[in-house]
Amino acid sequence: MPASAPRLALIHTGGTIASRPSPDGRGLTPQTPPELPGLEGVRVSEFQPFNLPSPHVTPAHMRQLAQLIGELAADHDAVVVTHGTDTLEETAFFLHLCLPAAVPVVLTGSMRHAEEVSWDGPGNLLDAAQVALCPDTAGRGPLVVFGGDIFDARTVTKVHTSAVDAFGGYPGPIGRIDRTPAGPQVRYFATPEPRPTFRPDTLDRRVEILYAYAGWQGEGYAEALSRADGLVIAALGTGNLPPELLPLIEASDKPVVLATRTHAGPILPVYGYAGGGATLVAAGAIPASFLNAHKARLLLLLLLSLGLGREDVRRVFAEGVF
Ligand SMILES: NC(=O)C[C@H](N)C(=O)O
């Protein structure tokens, strides 16, 4: 292979793309990482920092991955990460927040395992590698490629528990890869925006998520707030809550971020009834903009770990530059 051949780092972390039925008959478990099919003229180096089902992945693993990618970026042109789909969007967003956009990083996974007829692992992996190596991908930072669609780490979300097209998210893919007889065709529909990185030395803060529902009177709120350094609430609609939550939020001195449990759309503090978004924001709550609750949690975790206070946290969420 010529010395000028592109260098790709392939990082395996587990998930269904590495899974098979376990020999003890208990069900699927991560075992062997997938092989990258049909990519000629590329020098591929493989790494496996851990081999986990993605429900076992924590922010500490995400940080470990960010550090590894930071090291590999010095002598690789692009990075692909295989990952379980359940928390893939969280790892993608964490990497998006921590890594400079100059490093092309593409995450992918599969919804079917290697012993199923419709295994989607090899196709997704090849797509991810080709997107990562595509010159137009440079400067976009971590992306997710699944089913030929290319997603922004901020907006991508798992939208189906079992379908092969498991990823979506408002306002949809930012690009697409298709295979043609002439080779892969990658098209982008959006241009990247400049953004800062958030890189604390340690992840030593605790952020919990509470999920709002009709009739919630704040059960669990005080306990969560006493344990945590900040809370995210998956609130109703544009960021509204039952009236009982208003005095609880008013009395909180720790950051309380409002996301929505609705699958798309921003937090807008417009309603003035007790518990309406306008009253919650006046009481100190911080709107999460378009981020879902689990991504807002990661941003809040990084900001608190950087030592930011409530007003600086509010400013970062309000500016929306992340
Ligand atoms: N399709 C998958 O990868 C789901 C699996 N439970 C995981 O996230 O590890």
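The model before you is predicted, so local features need pLDDT of at least 70 and side-chain atom pairs pLDDT 80 or more, while totals for chains, interfaces and linings use all residues. Residues are numbered from 1 along each chain as its sequence is written, and side-chain values use heavy atoms, with hydrogens and water left out.

I begin with the ligand. One of its nitrogen atoms is 2.8 Å from an N or O atom in the side chain of aspartate 86. Threonine 85 places a polar side-chain atom 2.7 Å from a ligand nitrogen, and serine 54 places one 2.5 Å from a ligand oxygen. On its own the ligand has 270 Å² of accessible area (Shrake-Rupley method, 1.4 Å probe), of which the protein covers 84%. The residues around the ligand, those with a heavy atom within 4 Å of it, include Gly15, Pro53 and Met111. By class, this shell has three nonpolar, six polar and one charged residues, with Gly counted as polar.

I turn to the helices, which are DSSP runs of H or I with at least four residues. The axes of H2 (residues 88–98) and H7 (residues 293–305), lines fitted to C-alpha atoms over the stretch in contact, come within 10 Å and cross at roughly 35 degrees. Contact here means heavy atoms within 4.5 Å; among the residues involved are Phe93 and Leu97 of H2 and Leu298 and Leu302 of H7. The contact residues divide into seven nonpolar, one polar and three charged.

Finally, the backbone. Most residues other than glycine have a negative phi, and most peptide bonds are trans. Serine 289, however, has a positive phi of about 60 degrees, and the bond from tyrosine 170 to proline 171 is cis.

How values were computed
Axes are lines fitted to C-alpha atoms, for helices over the stretch in contact, and angles run from 0 to 180 degrees between N-to-C directions. Helices (H or I, at least four residues) and strands (E, at least two) are DSSP runs, numbered from the N terminus. A polar contact is a pair of N or O atoms within 3.5 Å; within protein, one must be able to donate a hydrogen and the other to accept it, and residues adjacent in sequence count only if both atoms are side-chain atoms.
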